[in-house]
Amino acid sequence: RTGFKRAVSYALQPMNLVDLVAILPFWIKMLGLTKSSFGVLRIIRLARVLRMARSPAIAASVAVFARAIQASMPALSILFFFSIMARRPPSGGPRRLRGDGG
């Protein structure tokens, strides 16, 4: 088989076609060809990621990551709380801070 035939054979494998469909919306938007939503393609992309997460080859890494997130929950909760508090405007706005009462 020639190199071209092998490349075409590789490109037409089902999982490679899924990869192509997963990145297609990005490139279509980058080229400005359309502004419509690609909901179905995003679902296919998500399915591909979830399929990889179940793969035995990376299952151990996913388990380690999950344990690290679980162990870090108290610190992440505090970080989330202070992030929300930093974005919340003071009640009453700037006038109340000046002390002019009006």
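**Exercise 1. Work out how many helices and strands the chain has.**

Solution. Start with the rule: helices (H or I, at least four residues) and strands (E, at least two) are DSSP runs, numbered from the N terminus. Counting this way gives six helices and zero strands. Read from the N terminus on, the elements go α-α-α-α-α-α. A heads-up before you go on: this is a predicted model, where local features need pLDDT of at least 70, side-chain atom pairs count only at pLDDT 80 or more, and totals for chains, interfaces and linings use all residues. Residues are numbered from 1 along each chain as its sequence is written, and side-chain values use heavy atoms, with hydrogens and water left out.

**Exercise 2. Decide whether Asn16 is buried or exposed, and find what it touches.**

Solution. First, locate Asn16: it sits in helix 2 (residues 14-30). Next, take the cut-offs: buried means under 20% relative accessible area, exposed over 50%, and partly exposed in between (1.4 Å probe, protein chains only). Asn16 has a relative accessible area of 19%, so it is buried. Helix 2 also has Ala22 and Pro25 as buried residues. Across the chain's 102 residues, 7% count as buried.

Now for the neighbours, where contact means heavy atoms within 4.5 Å. Leaving out residues up to four places away in sequence, Asn16 touches Tyr10 and Ala11. The Asn16 side chain also reaches the backbone oxygen of Tyr10 at 2.6 Å. Ala11 belongs to helix 1 (residues 3-11) and is partly exposed, at 39% relative accessible area.

**Exercise 3. Check the span of helix 2 and find where its kink lies.**

Solution. The expected span is 1.5 Å times one less than the number of residues. For the 17 residues of helix 2 that should give 24 Å, and the end C-alpha atoms are 25 Å apart, which agrees. Then look for the bend, meaning the angle between axes fitted to the seven residues ending at a residue and the seven starting there. A kink of about 35 degrees turns up at Leu24, shortly before the proline Pro25.

**Exercise 4. Describe how helix 4 and helix 5 pack.**

Solution. You need two values: the angle between the axes and the distance between them. Axes are lines fitted to C-alpha atoms, for helices over the stretch in contact, and angles run from 0 to 180 degrees between N-to-C directions. Helix 4 (residues 56-71) and helix 5 (residues 73-87) pack at about 60 degrees, with their axes 5 Å apart. That makes helix 4 oblique to helix 5, given that angles under 35 degrees count as roughly parallel, over 145 as roughly antiparallel, 65 to 115 as roughly perpendicular and the rest as oblique. Finally, Ile69, Gln70 and Ala71 of helix 4 meet Met73, Pro74 and Leu76 of helix 5.

Notes. Polar contact = N/O pair within 3.5 Å; in protein donor to acceptor, adjacent residues only side chain to side chain.
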